[in-house]
Amino acid sequence: MSGTTPFGIETARLRLRPYTREEAELVAAGTDRQEHWSAGFPRADDQDVARMFLGLPAGEPLFGPLQIVLLSSDLVIGGIGFFGPPDETGTVGLGYGVAPETEGRGYATEALTALLHHGFADGRVRRAIADTDHDNLGSQRVLEKAGLRRTSSDERLHHYCIEG
């Protein structure tokens with residue numbers, strides 16, 4: 001289709017863009033450093049997400065894995081995404097991560113806030129959930145700054161939720 005704009009979410013400092021098959025293959029392999037990747041990208045989690053993406057049928061970009069790209073340098077610094085479309089209750093799970101050298105700069109919070117905004121604006125998403133390890137204080141701060149609240153904890157994880 002000519003004239004269509006590719007899916008993406010842009011914030012003040014970031015662009016969230018879907019994986020292409022070619023990019024996912026490079027990330028999954030993780031062997032050939034790409035000049036458009038931040039030094040700490042891909043992390044093991046990024047490689048797992050890329051492999052998952054390669055095994056999925058084509059879907060709606062909003063509900064698949066997205067790369068987090070710095071607008072200032074066009075470097076890929078991490079990934080974020082919903083774990084598929086909302087279930088029958090309107091619930092989506094989500095995950096994210098950024099390269100270690102970019103942590104603590106608010107990028108994950110900015111990306112998560114934008115993703116949640118677009119998810120709730122879609123109309124089908126009514127609730128988003130996430131979890132994080134007890135010792136991952138940075139991730140807990142990101143979730144809380146983006147408006148999620150801790151709803152429960154078990155022996156390993158804290159569970160978070162936000163309703164739109």
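Biologist: What conventions apply to the model?

Modeller: The model is predicted, so local features need pLDDT of at least 70 and side-chain atom pairs count only at pLDDT 80 or more, while totals for chains, interfaces and linings use all residues. Residues are numbered from 1 along each chain as its sequence is written, and side-chain values use heavy atoms, with hydrogens and water left out.

Biologist: Why is Gln67 called buried?

Modeller: Buried means under 20% relative accessible area, exposed over 50%, and partly exposed in between, with a 1.4 Å probe and protein chains only. Gln67 has 1% relative accessibility and therefore counts as buried. Gln67 belongs to strand β3, residues 65–70; helices (H or I, at least four residues) and strands (E, at least two) are DSSP runs, numbered from the N terminus.

Biologist: What makes the pairing of Gln67 with Glu23 a polar contact?

Modeller: A polar contact is a pair of N or O atoms within 3.5 Å; within protein, one must be able to donate a hydrogen and the other to accept it, and residues adjacent in sequence count only if both atoms are side-chain atoms. The side chains of Gln67 and Glu23 make such a contact at 3.1 Å. Beyond four places in sequence, Gln67 also has contacts (heavy atoms within 4.5 Å) with residues including Arg15, Tyr19, Phe41 and Gly79.

Biologist: Why does Ser38 count as buried?

Modeller: Ser38 has a relative accessibility of 5%, and therefore counts as buried. Ser38 sits in the loop between α1 and α2, and its side chain is joined to that of Glu101 by a polar contact of 2.2 Å.

Biologist: Why is Asp74 called partly exposed?

Modeller: Asp74 has 38% relative accessibility, so it counts as partly exposed. Asp74 lies in the loop between β3 and β4 and has a positive phi of about 65° although it is not a glycine. Most residues other than glycine have a negative phi, and most peptide bonds are trans.

Biologist: Which residues does a cis peptide bond join?

Modeller: The cis bond joins Phe41 and Pro42, with omega about 0°. Pro42 is in the loop between α1 (21–29) and α2 (44–54).

Biologist: Why are α1 and α2 described as oblique to each other?

Modeller: Axes are lines fitted to C-alpha atoms, for helices over the stretch in contact, and angles run from 0 to 180 degrees between N-to-C directions. Angles under 35 degrees count as roughly parallel, over 145 as roughly antiparallel, 65 to 115 as roughly perpendicular and the rest as oblique. The angle between α1 and α2 is about 135°, with the axes 8 Å apart; the two helices are therefore oblique.

Biologist: How do α3 and α4 stand to each other, parallel or oblique?

Modeller: The axes of α3 (residues 107–122) and α4 (residues 137–145) cross at roughly 40° and come within 9 Å, and the helices are therefore oblique to each other. Their contact involves Ala108, Thr109 and Leu112 of α3 with Val142, Leu143 and Lys145 of α4.

Biologist: What makes Ala114 a buried residue?

Modeller: Ala114 has a relative accessible area of 12%, and is therefore buried. Ala114 is part of helix α3 and touches Ile9, Thr11 and Leu16, not counting residues up to four places away in sequence. Ala114 and Thr11 are 103 residues apart in sequence, yet 7.0 Å apart in space, C-alpha to C-alpha.
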